[in-house]
Amino acid sequence: MYDKELRREKRKKWLLYILAFIIFQSAIIALFTLTIMKVRNPKFRVRSATFDTFDVQSTSFNLKGNVQLGIKNTNFGPYKYNNSTVTFYYGDTEIGNAVITKSKAQFRRTKKFNVAVDLSSTNIASNSQLATDIGTGLVPLSSQSKLTGKVELMFIFKKKKNVNMNCTMEINTSTKSLQNIMCK
């Protein structure tokens, strides 16, 4: 009789251990799913620019240089993106673009890279605000782009993510630099 009672107590103890293990594993899986497996959109931004050619007249401009772009990947897997284009605008008029080549941003890192760009005011109407903006020394620009790609989690799961960039900035004609970069 004592042996039966002892076996019953051991079974209860093992059942309790197994139940505790299942609850613990479920909590770990839930935590893992809610944090690491959650796929977020990477952030795509214009960071800075340097100009090799800076030709600004009273009513026109012609700029050639390198624009530094950045893709901040906050996921726990690399973001592989395809070829794309960044387009620069003055008002609603396209003034230049740059090609982004296919690459990847490592997990939990910011990938910084430079693209060559030619900005020219030849497409801007002569009755525009451009002469006034050049006169003040600040030429407002905007840039837009869309990256398409996939975030790869644990080398198994792949989730498609498209990243849009919409930035505004100003070219300071006296310092020959890009400033007041604000991205959404």
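Reader: Where is phenylalanine 32 found?
Author: In this predicted model, phenylalanine 32 is found in helix α1, which covers residues 2–35.

Reader: Why does phenylalanine 32 count as partly exposed?
Author: Its relative accessibility is 32%.

Reader: What makes the nonpolar surface patch?
Author: Phe32, Met154, Phe155, Ile156 and Phe157 make a patch of about 570 Å².

Reader: Why is the link of cysteine 167 and cysteine 183 called a disulfide?
Author: The S to S distance is 1.9 Å. The rule asks for sulfur atoms within 2.5 Å, so this pair is a disulfide. By this rule the count comes to one disulfide. The pair links distant parts of the chain, 16 residues apart: cysteine 167 belongs to strand β9 (residues 157–172) and cysteine 183 to strand β10 (residues 177–183).

Reader: Which hand does the link of cysteine 167 and cysteine 183 have?
Author: The link of cysteine 167 and cysteine 183 is right-handed, with 105 degrees about the S-S bond.

Reader: Are cysteine 167 and cysteine 183 buried or partly exposed?
Author: Cysteine 167 has a relative accessible area of 0%, and under 20% means buried, so cysteine 167 is buried. Cysteine 183, with 22%, is partly exposed.

Reader: Why is the pair of arginine 8 and glutamate 5 called a salt bridge?
Author: The closest N and O atoms are 3.6 Å apart. The limit is 4 Å, so the pair qualifies as a salt bridge. Arginine 8 and glutamate 5 both lie in helix α1, three residues apart, about one turn of the helix. Arginine 8 is partly exposed at 43%, and glutamate 5 is partly exposed at 39%.

Reader: What does the salt bridge of glutamate 152 and lysine 80 tie together?
Author: The closest N and O atoms of glutamate 152 and lysine 80 are 3.5 Å apart. Glutamate 152 lies in strand β8 (residues 138–153) and lysine 80 in strand β3 (residues 79–81), so the pair ties together parts 72 residues apart in sequence. Glutamate 152 counts as buried at 12%, whereas lysine 80 is partly exposed at 39%.

Reader: How do you know that arginine 108 lies over the face of phenylalanine 76?
Author: Arginine 108 is at 4.8 Å from the ring centre of phenylalanine 76.

Technical notes:
Residues are numbered from 1 along each chain as its sequence is written. This is a predicted model: local features need pLDDT of at least 70, side-chain atom pairs count only at pLDDT 80 or more; totals for chains, interfaces and linings use all residues. Side-chain values use heavy atoms; hydrogens and water are left out. Patches are made of residues with over 30% relative accessible area and no salt bridge: like charges are joined within 9 Å, nonpolar side chains (Val, Leu, Ile, Met, Phe, Trp, Tyr) within 5 Å. Accessible areas come from the Shrake-Rupley method with a 1.4 Å probe; for residues, only the protein chains shown count as cover. A salt bridge is a side-chain nitrogen of Lys or Arg within 4 Å of a carboxyl oxygen of Asp or Glu. Helices (H or I, at least four residues) and strands (E, at least two) are DSSP runs, numbered from the N terminus. Buried means under 20% relative accessible area, exposed over 50%, partly exposed in between (1.4 Å probe, protein chains only). A charge sits over a ring if NZ of Lys or CZ of Arg is within 6 Å of the ring centre and within 35 degrees of the ring normal.
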